[in-house]
Amino acid sequence: MNIYQALKNSYLLLNNKSKTYKLDCEILLANSLKLNNRLDLFLNLEKKLTKKEINIFFHSIKERQNFKPISKITKKKEFWNIQIDVSKKVLIPRPETEVLLDLVSKVYNKKSNIEFLDIGCGSGCIALSLLNIFINSKGEAFDISREAVASTNLNLKKNNKSNRVKVFQRDLFKFKTNKKYDLIISNPPYLKSSDYINLEPSIKIFEPKKALVSDTKYGIEFYNHIIIHLKKNLKINGYLAFEIGNNQFIKIQKLLSQNGFVVKSKFKLINNQIRCLLAKKIKNYTLQ
Ligand SMILES: C[S@@+](CC[C@H](N)C(=O)[O-])C[C@H]1O[C@@H](n2cnc3c(N)ncnc32)[C@H](O)[C@@H]1O
């Protein structure tokens, strides 16, 4: 079987399972052949596959037929130009989270030596990107999940950046420190259980529920806790950067302004929902 035939067969197997079936097949074949670029497939359509390559490829097509996300099959995801290993049980980094980093990248000089705290670090995609954007930065990152801590450590190590971030396992609601940071950043769980029920099977089966669901009425307890209990750990003029869920902005903005913050920038999705925000700490106070 050559590349052309393998692609043709796989298109037939996936076409009623995925809206992006052609792209999926091409990524999976390129990955099975260890090619850097899926376009290399089209330059080598006549190339014969070995038995081993055929087995690997069609096994991955079978996984995709069972809704496994492409990045969980290839075990990697491109994020802010970095290849993030997602082989462990962690959330696959999302494009919206890149927007959060884009907002942060605009408020500091690239050479400034900011010190950050990444809460709920998951794969480590946020911490690693911050280290890349701000070449003199350093920070701390924690997550309640042991797998997430291992994943962040692995990704830092793969990128030779372990010495710039202290990573540890901790529950946000028990976290205490005397340190003062320039930036506290978090993409915490923000879905309600009722939203979770309606997610696609690929997310429900293959991504950790704990990374997605904050089981309260409005799903905002993580933001409340960070704003109220960790504001003392942010320097004056420091920033809080949050990815947030649908219909949460007004409540979070109110709490921010009651606690000495002003929202400096935000990002809206095409459905008009605010997904990311950046707030500056201007005062040390709490409005009772
Ligand atoms: C939406 S994921 C974000 C992961 C990663 N920062 C990203 O942007 O892809 C939320 C993360 O928060 C972690 N988490 C959930 N509850 C937590 C808690 N109580 N304390 C600390 N981390 C928690 C989850 O394990 C998960 O890794």
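**Ligand shell, domains and helix packing**

By class, the shell around the ligand holds 13 nonpolar, six polar and three charged residues, where Ala, Val, Leu, Ile, Met, Phe, Trp, Tyr, Cys and Pro count as nonpolar, Asp, Glu, Lys and Arg as charged, and the others, Gly among them, as polar. This is a predicted model, in which local features need pLDDT of at least 70 and side-chain atom pairs count only at pLDDT 80 or more, while totals for chains, interfaces and linings use all residues. Residues are numbered from 1 along each chain as its sequence is written.

**Ligand**
- The ligand is surrounded by 22 residues, each with its C-beta atom, placed from the backbone, within 6 Å of it, and the closest are G120, G122, L172, N187 and A211.

**Domains**
- The chain is assigned domain 1 (3–66) and domain 2 (77–281), with bounds that come from an automatic or database domain assignment.
- The centres of the two domains, taken over C-alpha atoms, are separated by 34 Å.

**Helix packing**
- Helix α2 (residues 21–32) packs with helix α4 (residues 51–65) at an angle of about 145 degrees, their axes 9 Å apart; axes are lines fitted to C-alpha atoms over the stretch in contact, and angles run from 0 to 180 degrees between N-to-C directions.
- Helices here are DSSP runs (H or I, at least four residues), numbered from the N terminus.
- The contact (C-beta atoms, placed from the backbone, within 7 Å) joins D24, C25, L28, L29 and S32 of α2 to E53, I56, F57, S60, I61 and R64 of α4.
- Helix α1 (residues 3–14) and α4 pack at about 20 degrees with axes 10 Å apart, which means that α1 is roughly parallel to α4 (angles under 35 degrees).

Terms used
Helix = DSSP H or I, 4+ residues; strand = E, 2+ residues; numbered from the N terminus. Contact = placed C-beta atoms within 7 Å. Parallel < 35°, antiparallel > 145°, perpendicular 65-115°, else oblique.
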